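Please work through the fold of the protein shown here, going from its secondary structure to its core and its domains.

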Amino acid sequence: MVCRFCKGPLTNKLYCSNACKLAARRLMWADAQKKWAALPLPKKAPNLEETIVPWADGAPFYRLSCPAKSHGGRRYFPKDIALPVFPFEPPKVPKPGYYRVSFYLPDGSIRDGSEIPITDPRFLSPNARGGSKKSLF
Ligand SMILES: [Zn+2]
């Protein structure tokens, strides 16, 4: 058996060291992000407000997320505060893509919804900061 990353000798593990394990995971995460960024987007994306408000089904707040580049989880937008569903506050995301909508309920629970393609430049901001924490507290 050889290390799955550097092909060094192994006895009973998949990688020769934690460094190789982490390096291999980083490549995997970066690859997943690249695949996400390369997904073909529709020419005309759905209207965000008209889509998200009915999906919310009464949930008062929402955030969007996409796969994270630097870890295996997701990046949430906005970073640390959820947006009101009604009146609808539009999101800012760093680049076009399919974003998952998560709804935040008054009891503190979170409900993940579907993904929505975002292409409208009004919702894009290269400086939009995401956070890795799914919960707000
Ligand atoms: Zn190795």
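Predicted model: local features only at pLDDT ≥ 70, side-chain atom pairs only at ≥ 80, totals over all residues.

Q: Which residue of E2 is the bridge partner of Leu 64?
A: Strand E1 (residues 61–67) and E2 pair in the antiparallel sense over 4 bridges, and a hairpin of 6 residues joins E1 to E2. Within strand E2 (residues 74–77), Arg 74 and Tyr 76 point one way while Arg 75 and Phe 77 point the other way, and all are buried. The bridge partner of Leu 64 in E2 is Phe 77.

Q: Which element gives the largest share of the largest nonpolar core?
A: The largest nonpolar core has 16 residues, of which Ile 52, Ala 56, Ala 59, Tyr 62, Tyr 99, Val 101 and Phe 103 touch the most other members. Two or more residues of this core come from each of helix H2 (48–56), E1, E2 and strand E4 (97–104). The largest share, 4 residues, comes from E4.

Q: Which residues does Phe 103 touch, not counting residues up to four places away in sequence?
A: Phe 103 is among the core residues that touch the most other members. Among contacts in the protein chain between residues at least 6 apart in sequence, 58% join residues at least 24 apart. Not counting residues up to four places away in sequence, Phe 103 touches Ala 56, Ala 59, Tyr 62, Ile 110, Arg 111 and Gly 113.

Q: How do the residues on the side of domain 1 that touches domain 2 divide into nonpolar, polar and charged?
A: The domain assignment gives domain 1 (1–38) and domain 2 (48–123), and the C-alpha centres of domain 1 and domain 2 lie 31 Å apart. The contact takes 7 residues from domain 1 and 9 residues from domain 2. On the side of domain 1 that touches domain 2, the residues divide into 5 nonpolar, 1 polar and 1 charged.

Technical notes
Residues numbered from 1 in each chain as written. Contact = placed C-beta atoms within 7 Å. Buried ≥ 20, exposed ≤ 12 C-beta atoms within 10 Å, placed from the backbone. Pairing = 2+ DSSP bridges. Core = buried A, V, L, I, M, F, W, Y, C linked by C-beta atoms within 7 Å. Domains from an automatic or database assignment. Nonpolar A, V, L, I, M, F, W, Y, C, P; charged D, E, K, R; others polar.
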